[in-house]
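I opened the model to go through its confidence, chains, interface and backbone details. My notes follow the order in which I looked things up.

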Amino acid sequence: MPEATMLEAIRQALFEEMQRDATVVTLGEDIGVYGGAFKATEGLLEKFGPERVIDTPISETAIVGAACGMSYLGLRPIAEMQFIDFIACCFNQVTNFVAKSHYLWGAPVPMVLRGPSGGGVHGGPFHSANPEMYFVHTPGLKVVYPSTAHDAKGLLKSAVRDNNPVLFFEHKFLYRRVKEDIPEGDYTVPIGKAAVRREGRDLTIVSYAAMAHASLEAAAQLQTEGIDAEVIDLRTLLPLDRETILDSLRKTNKLLVVHEDTRTGGIAGEIAALVCEAAFDHLDGPVARVTALDTPVPYAPPLEEYFLPNAEKVAAAARELAKY
Amino acid sequence: MSDTLTREQHLDLYYYMQLNRQLEERMVRLFRQNKIVGGLYSSLGQEAVSVGTAYALDPRDWLAPMIRNIGALLVKGFKPRDIFTQHMAKFTSPTQGKDGTSHFGDLKKLHVVSPISMLGDLIPVMAGVAMGGRYLGQKIVAMTWIGDGGSSTGAFHEGMNLAAAQKAPLVVVLENNQWAYSTPVARQVPVRDLADRARAYGIRGMIADGNDVLAVYTAAKEAVEQCRLGRGPVLLEVKTMRMKGHAQHDPAEYVPKEMFEYWKARDPLALYEKYLVANNLWDAAKKSEIEARIERELDADQKFAEESPLPPPELAEQGVYCDGCHTIEAEWARPQTEVVPPASSVTPVWKVTDFGAVSLRPATPPPPRPAPPRQGPPVHHHKPHQQPARPAASKPPARQSEKLPEQDDAEPAAEAPGSPVPRVPFGRGPKDRAFREEQQAAQKAREHHHKRGRRR
């Protein structure tokens, strides 16, 4: 079981999928000779050549549009946003063209749109965003946001093999900080299945991506205080794994949702509504949430730290919730 | 008579244009009877554009229509019943009532991509279709349409530029119908010939009379052949006129009456009928035979559409995702071994041949010479070892190659800075006003010079 960072795991998934299937091609800005802004595609051009690893102009709409067009011929393109913030430039192409294609006229779009997301690296307001909820609100897309190297590789492979457009968020804070043993050889992680990262009896913390790690850190602290928290890593935001959330709630009767996305319209609101509809009788307290502020991501380290959730903020909210 | 078309093909063009027009006239009646669910957009006066361009494609080629390209859908093989049922939101329509108008397609058989209402987005998508087809070795050409209005979008630019950078086999028909909803073209774009924009992309620009179906066909055929030879995308502007409002609700009172009259005298069907008569391509009997056929087909298909049911309500929540209902398959027309290692492997470095400085030019321009070498094809990579040669593209016939600007297949169709957009002789020649004015100005200058000389 070789050790790999999340970035290496993603690179392995790209390599192996391109090796396995000649219909897999990749395109984006600076992904070929340069190997991508974070080197996620390093070495792909050398091996697979310029027909399959396409350096594009700075044209997000053209990248997504062309990937969609290629997929209509039975190819499985993987398009890269240099930073996921730039997906705003091709919002129309993603939400109106790609997402509606199968529903409206039965044309599947088996493409992956992947890119580095998230804050904590002082990237400033245009290189740190978590725009996942725009797309969770778009029927026809799938939205994946892993927190471990193992999941990143397995989920990216599933995304490539999926017949639907999959948005694959890669938290750049985790790219080189997460390192773990991953299995050798081909494996996939199913899209739409959450993972219980830590079992507990007293309350449930639901999170994903970098905040899954903050939640686990908080749970370890809470353990020393006698609070036994269960931590769920969603891994996929659309479709949401409702059953894993509800099963856990039925056991712990308390729910805290943690996300790095801004507060209003974040997935915490959706999950709160879900448990109210499906398991209201099981709630012993209000559904709590720890999120980023409702502001753009600020640049200066003290501002960004204040903006972002962290283990202390999660633990504090959990202590309050545990009192019910 | 066009040299390249048979008599049957000439009559085919008439059939499709007339079918397009009659179909739309019936839909106007259905709209007034409240049988059309949503909006109805007319292509009256623009039939020659849709039919002439799509007729230049082979069955293997791909197209993506815009709202006024019903004629192109008919040429590609969709039936009037598809158009009727789409507009009437019937369960039997290509989208089963999930969308209306010309928003439908067929990936597997007809190779038609559905448009969306946001303009310009089809161009990057069709650039991708063209690139994908080339990757699979299929030798297809992709064609799509955009209006004068839609050409102002960012998606138009991004798609054109990507297609050009990739030398993708894409024909973009810029259907200049003079009006973007209620705004005249001169208020949208400070350029008279939108084909001039081709130069900015380093690609071939062409202009054709959009009301002359044979001119449209000939230009489109040439554009398609260019793409087929690997010379990169073509921007083909066709000049025509939208003879109705933006849609049925719009009486188009903002259009000057004289403008309608000017273009009415250039009605593409009337012009073509005259042409067929003048060239002895049909007689009264043949004409009524075609018209009877159209009547018969439209009667049957309209009846089918009117009798079709609306979709069951619960269909609304079906089909958001492909849950294995489709099989994703690529049709390879080249050995896959070419695109997997070791054959696909390269040394990942750029070969930069142009360092980008301002070219120093002598004060007096030298006599015309071929375009200087510019930055090469999109990607230069050193091959570590010999790559199997790609099958060579067939040579163009001599007559056509004379018309094309001089260029190496390996070089982009870029023009030297300062040289005009290469043109086809549609409305551009000694009879063209701009050309004439230029000549007259030069003559005047010469005379003025002589006079001054005499006085001294």
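**Confidence.** pLDDT is the predictor's confidence in each residue, from 0 to 100. Residues are numbered from 1 along each chain as its sequence is written, while chains are lettered from A and ligands numbered from 1 in the order in which they are written.

Over residues 391-430 of chain B, pLDDT stays under 50. The model has 57 contacts beyond four places in sequence for these residues. A contact here means two C-beta atoms, placed from the backbone, within 7 Å. Where pLDDT is low, predicted coordinates should not be read in detail. For the complex, the predictor gives an ipTM of 0.97 and a pTM of 0.88.

**Chain A overall.** I counted twelve helices and 14 strands in chain A. Both are DSSP runs numbered from the N terminus: helices are H or I with at least four residues, strands are E with at least two. Does the radius of gyration of chain A agree or disagree with a compact globule? It agrees, because 324 residues would give a radius near 20 Å and chain A has 19 Å. The radius is taken over C-alpha atoms, and the globule rule is 2.2 Å times the number of residues to the power 0.38. Along the principal axes, the C-alpha atoms of chain A fill a box of roughly 60 × 40 × 40 Å.

I looked at burial next. Of the 324 residues of chain A, 60% count as buried. Buried means 20 or more other C-beta atoms within 10 Å of a residue's own, exposed means 12 or fewer, and partly exposed lies in between, with C-beta atoms placed from the backbone. I also noted that 80% of the contacts in chain A with a separation of 6 or more are between residues 24 or more positions apart.

**The A/B interface.** I found 45 residues of chain A in contact with 52 residues of chain B. On the chain A side, the elements that give two or more residues are α2 (44-48), α3 (60-72), α4 (91-98) and α5 (101-105). The largest share, nine residues, comes from α3(A). The chain A side divides into 23 nonpolar, 17 polar and five charged residues. In this count Ala, Val, Leu, Ile, Met, Phe, Trp, Tyr, Cys and Pro are nonpolar, Asp, Glu, Lys and Arg are charged, and the others, Gly among them, are polar.

**Backbone details.** I looked up a cis peptide bond in chain A. The bond from Leu238(A) to Pro239(A) is cis, with omega near 0°. Pro239(A) lies in the loop between β12 (236-238) and α9 (242-252) of chain A.

Asp30(A) has a phi near 60°, a positive value in a residue other than glycine. Asp30(A) sits in the loop between β2 (24-28) and α2 of chain A. It counts as partly exposed because it has 15 C-beta neighbours inside 10 Å.

Tyr181(B) has 13 C-beta neighbours inside 10 Å, so it counts as partly exposed.

**Strand β2 of chain B.** Is β2(B), residues 142-147, enclosed or open? Six of its six residues are buried, so the strand is largely enclosed by the rest of the structure. Ala142(B), Thr144(B) and Ile146(B) are buried on one side, and Met143(B), Trp145(B) and Gly147(B) on the other.

I traced the partners of β2(B), taking strands as paired if DSSP finds at least two bridges between them. Strand β1(B), residues 62-64, runs parallel to β2(B) and is joined to it by three bridges. Here Ala64(B) stands opposite Thr144(B). Six bridges join β2(B) to β3(B), residues 170-176, again in parallel. In that pair Met143(B) stands opposite Val171(B).

**Trp263(B).** I ended in helix α10 (residues 257-264) of chain B, where Trp263(B) lies. Trp263(B) touches Gly45(B), Met241(B) and Met243(B), not counting residues up to four places away in sequence.

Key
Predicted model: local features only at pLDDT ≥ 70, side-chain atom pairs only at ≥ 80, totals over all residues.
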